[in-house]
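Trainee: I would be grateful for a close look at the charged side chains of this protein and the way in which they pair. Please then carry the account on to the surroundings of those pairs.

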Amino acid sequence: MSCADSIVKLLADAHFSCYFSKVLPTALDCAEPIVVVEGAFSRDARMAEEERGTVVVTVMVVREVMADAEDVAVAAELAVRRADWEPYADAGAYRIIGIDTTAPAFKERDSSGRHVWAFDVKCTVVRSL
């Protein structure tokens with residue numbers, strides 16, 4: 001389990017019934033996925049038994065129609081921002097203790113011509129030593 005897996009579970013529980021992936025699939029594999037990619041752990045503080053830091057998770061919404069991509073990205077960011085994180089706090093090596101999100105924004109058109117909107121979830125985490 002990872003921070004990205006916790007966000008995927010939250011989005012699935014919030015009724016986002018799309019295909020979730022950790023890599024951007026081709027249009028033949030899945031036409032309109034939500035892709036969740038986890039960045040590296042960045043330590044902010046170290047104590048005797050634990051360290052605290054951040055993990056940035058990027059959520060990308062891929063759709064054929066630009067307005068659909070924007071609408072789903074805005075709704076997904078709102079679901080993540082308003083969520084009760086306690087049921088999703090266990091992220092394997094980490095425990096999520098807080099989150100902050102960026103506003104969704106247009107990222108790119110992929111090689112298939114689909115529109116990609118994205119937002120970041122900055123997870124404040126604790127890692128036991």
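Mentor: Arg95 and Glu86 form a salt bridge, with their closest N and O atoms 2.5 Å apart; the term stands for a side-chain nitrogen of Lys or Arg within 4 Å of a carboxyl oxygen of Asp or Glu. Side chains of opposite charge can pair when their charged atoms come close. Glu86 is exposed, its relative accessible area being 51%, while Arg95, at 37%, is partly exposed. Here buried denotes under 20% relative accessible area, exposed over 50%, and partly exposed the range in between, with a 1.4 Å probe and protein chains only. The areas themselves come from the Shrake-Rupley method with a 1.4 Å probe, and for residues only the protein chains shown count as cover.

These values belong to a predicted model, in which local features need pLDDT of at least 70 and side-chain atom pairs count only at pLDDT 80 or more, whereas totals for chains, interfaces and linings use all residues. Residues are numbered from 1 along each chain as its sequence is written, and side-chain values use heavy atoms, with hydrogens and water left out.

By the rule given above, the count is 7 salt bridges. One of them joins Glu51 to Arg43, with 2.8 Å between the closest N and O atoms. Glu51 is buried because its relative accessibility is 1%, whereas Arg43 is partly exposed at 47%. Arg43 and Glu51 also belong, with Arg127, to a network of salt bridges. A further pair consists of Arg52 and Glu50, whose side chains meet at 3.3 Å, N to O. Arg52 has a relative accessibility of 35% and therefore counts as partly exposed; Glu50, at 24%, is likewise placed in the partly exposed class.

Thr54 lies in strand β3, residues 50-63; strands (E, at least two residues) and helices (H or I, at least four) are DSSP runs numbered from the N terminus. Thr54 is buried, with a relative accessible area of 11%. Its contacts, meaning heavy atoms within 4.5 Å, include Ala40, Phe41, Ser42 and Asp44, as well as Lys122, Cys123, Thr124 and Val125, when neighbours within four places in sequence are left aside.

Strand β2 spans residues 34-46 and contains Ile34. Ile34 is buried, at 0% relative accessibility.

The loop between β1 (20-21) and β2 holds Ala31, which is partly exposed at 37% relative accessible area. Ala31 and Val62 are 31 residues apart in sequence, and 8.0 Å separates their C-alpha atoms. Ala31 touches Val62, Glu64 and Arg114, residues up to four places away in sequence not being counted.

Together with Glu32, Asp68, Glu70 and Asp71, Glu64 makes up a patch of negative charge on the surface. Such patches are made of residues with over 30% relative accessible area and no salt bridge, like charges being joined within 9 Å and nonpolar side chains (Val, Leu, Ile, Met, Phe, Trp, Tyr) within 5 Å.

Key: Lys, Arg positive; Asp, Glu negative; His and termini not counted. Charge placed at Lys NZ, Arg CZ, Asp CG, Glu CD.
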